[in-house]
Amino acid sequence: MFSLIINGERHKVDAAPDTPLLWVLRDLLSMTSIRYGCGQGLCGACSILVDGEPTRACQTPVSEINGRRIQTLAGLGDAVSAQLRAAWIELDVPQCGYCQSGQLISAGALLRRNPNPSDGDIDTAMSGNLCRCGTYQRIRAAIHLAARRLRGAS
């Protein structure tokens with residue numbers, strides 16, 4: 001039995017220790033906003049935050065997360081997330097939308113540690129998140145827009 005703190009709420013989960021966190025979240029806790037992409041930690045579609053750091057849920061055994069804080073995109077309601085979501089919509093970033101929760105998780109983690117990222121900072125932080133639709137330029141522009149707004153610039 002594992003104890004997970006997800007979006008501020010404690011959950012008890014009965015799973016084998018090597019069960020990927022992705023399956024615990026999706027199948028046992030019905031949190032279907034977390035996406036299955038490649039299953040190998042390569043695409044970032046399943047990204048969540050564990051103690052504030054982007055983590056691939058498909059490659060993380062539930063036993064490594066016991067007692068740690070997990071945040072999914074659905075649980076993020078801070079100013080960074082709000083500005084990113086607004087910028088995403090304003091700049092028409094989502095195409096098919098499949099990778100977007102993972103993209104927003106990684107973008108938010110970047111802006112929380114670096115409120116004024118360069119193009120290179122963004123490219124590095126987002127390099128583990130693949131977009132099948134190729135919206136990388138829009139993603140970068142949306143991160144810059146959100147960063148400017150969070151700094152109070154227009």
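How much accessible surface does the chain have, and what share of it belongs to carbon and sulfur atoms? About 7500 Å², with 48% belonging to those atoms (Shrake-Rupley method, 1.4 Å probe; for residues, only the protein chains shown count as cover). This is a predicted model, where local features need pLDDT of at least 70, side-chain atom pairs count only at pLDDT 80 or more, and totals for chains, interfaces and linings use all residues. Residues are numbered from 1 along each chain as its sequence is written, and side-chain values use heavy atoms, leaving out hydrogens and water.

**View 1. The fold from end to end.** Five helices and five strands make up the secondary structure (DSSP runs, H or I of at least four residues for helices and E of at least two for strands, numbered from the N terminus). Starting at the N terminus, the order is β-β-α-β-β-β-α-α-α-α. The C-alpha trace spans about 50 × 30 × 25 Å along its principal axes.

**View 2. The largest nonpolar core.** This core has 22 residues (a set of buried Ala, Val, Leu, Ile, Met, Phe, Trp, Tyr and Cys joined through side-chain atoms within 4.5 Å; buried means under 20% relative accessible area, with a 1.4 Å probe and protein chains only). Helices H2 (79-90), H3 (100-113), H4 (119-126) and H5 (136-150) each give two or more residues to it.

**View 3. Around Leu 111.** Leaving aside residues up to four places away in sequence, Leu 111 touches Val 80, Leu 84, Pro 117, Ile 143, Ala 146, Ala 147 and Leu 150 (heavy atoms within 4.5 Å).

Notes: Buried < 20%, exposed > 50% of the residue type's maximum accessible area, 1.4 Å probe, protein only.
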